Amino acid sequence: MSSSTITRVLLDNYVPSGRAKLSDFKIVQAPAPTKDQLGENEVILRPLYYSVDPYQRNRISGAMPGYTENFKKGDPISNYLVGTIVASTSADFQEGDLVLHNDGNWETEYITKASAISKAPAQQGIDPKDYVGVLSMPSFTAYVGATILAEPKAGETILVSSASGAVGQMVVQLSKVRGLRVVGVAGSDDKVEYLKSIGADAAFNYKTCGDFDAAIKQAAPEGIDIYFDNVGGEFLDAALANINYYARIIICGAITQYNLSSPEERYGVKNITNVLLKKAKVQGYIISSYYNTPIREGFIEQVSKLYHEGKITYRLTEAEGLENGVQAILDLFDGKNFGKSIVKA
Ligand SMILES: NC(=O)c1ccc[n+]([C@@H]2O[C@H](COP(=O)([O-])OP(=O)(O)OC[C@H]3O[C@@H](n4cnc5c(N)ncnc54)[C@H](OP(=O)(O)O)[C@@H]3O)[C@@H](O)[C@H]2O)c1
């Protein structure tokens, strides 16, 4: 690619149900934006790393009544990213600044309003990549869910599904830091070993464990005080069957339900009565509600420090080149990512 040409990833087809395919997207070349195209208070941003997340699947549905805007057919798809400023007409940003864009285009350079971006907060020992890694949106999601909404107390037991992923691995480690007993669930033996290596007290492979209820009972004979749900469906049901009195169920995601062919395939949870009998609390949340709050500053400070001190780690799966970004999205639904999925520009 010459410096006067950019790569763009466009949505080519809405996918209201079932699995998305590479052919639902289009990768095109286009002339690079130039400084004379900038309006007032605009910048040309060159992404360094793009975040890859399951909710991008929901945004191509064309119809989902969502908490984030749907992608539009023919337009670039987007997501959280970190990049540098190439040119600016804003007094707040200079060429070379490292910036974050919560919903930046999947283009190798693009023009955006200065009001849509923020300077990456300077933290000791933090690289640009860490803003889509240990300090990423899903890591923050883990922080809010596991350390605030779940009201954790030392000695309690937390069960986490999709535990080796972007959200899950941070839930595991932040829960250990707070003195909980952690049970992690993942889809391969390698991932299970990783969970043990980052502190999980017990972990199992949901693809080979057989009966979910029996596997949870074996890993957490004392019962579950917190269930951190990333998957929904049958596993959520099994977790509900194993909750203790006053348990907290944190509904973070439901990846088993994102690619269904029809609404009739939605899993009907059977053990909800246990929430009543065990006087439990069920809490859903969307992380964007917490972006512009002091909680985010607390997260960046605490997690940067833990990371810098080597008390937590954060595993990444890194694709090279924006043209490989769509495959990285599709891979999330086959469990091919091991840790947080990102794309290096
Ligand atoms: N509430 C919010 O604001 C918010 C924010 C961020 C993320 N989320 C949600 O949190 C969940 C985790 O997101 P993430 O970014 O951390 O993703 P991730 O765990 O890094 O990646 C997705 C993982 O889901 C697992 N998976 C895929 N299909 C599955 C299936 N049919 N059944 C069970 N597991 C399946 C795979 O792991 P295995 O190999 O272990 O199967 C895959 O690696 C998602 O549901 C996401 O939508 C919510």
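Close-up 1. A nitrogen atom of the ligand lies 2.9 Å from a polar backbone atom of tyrosine 285, a polar contact being a pair of N or O atoms within 3.5 Å. The protein buries 90% of the 910 Å² that the ligand exposes when taken alone; accessible areas come from the Shrake-Rupley method with a 1.4 Å probe. Oxygen atoms of the ligand also take part: one is 2.6 Å from an N or O atom in the side chain of lysine 191, and one is 2.7 Å from a polar side-chain atom of tyrosine 258. The structure is a predicted model, in which local features need pLDDT of at least 70 and side-chain atom pairs count only at pLDDT 80 or more, while totals for chains, interfaces and linings use all residues. Residues are numbered from 1 along each chain as its sequence is written, and side-chain values use heavy atoms, with hydrogens and water left out.

**Close-up 2. The shell around the ligand.** The ligand is surrounded by 27 residues, each with a heavy atom within 4 Å of it. The closest are Val167, Lys191, Tyr206, Tyr258 and Asn337. By class, the shell has 16 nonpolar, ten polar and one charged residues, with Gly counted as polar. The ligand lies between domain 1 (5-133 + 315-344) and domain 2 (137-288), because both give residues to this shell; the bounds come from an automatic or database domain assignment.

**Close-up 3. An aromatic cluster.** Phe204, Phe212, Tyr227 and Phe235 are linked into a cluster by ring pairs, which need ring centres within 6.5 Å. Across the whole structure there are seven aromatic pairs. In one of them, tyrosine 227 and phenylalanine 235 are 6.1 Å apart centre to centre and tilted, with 50° between the planes; planes under 30 degrees apart would count as stacked and over 60 as edge-to-face. Tyrosine 227 counts as buried at 1% relative accessibility, as does phenylalanine 235 at 6%, the cut-off for buried being under 20%.

Key
A polar contact is a pair of N or O atoms within 3.5 Å; within protein, one must be able to donate a hydrogen and the other to accept it, and residues adjacent in sequence count only if both atoms are side-chain atoms. Rings of Phe, Tyr and Trp (its six-membered ring) pair if their centres lie within 6.5 Å; planes under 30 degrees apart count as stacked, over 60 as edge-to-face and the rest as tilted. Buried means under 20% relative accessible area, exposed over 50%, partly exposed in between (1.4 Å probe, protein chains only).
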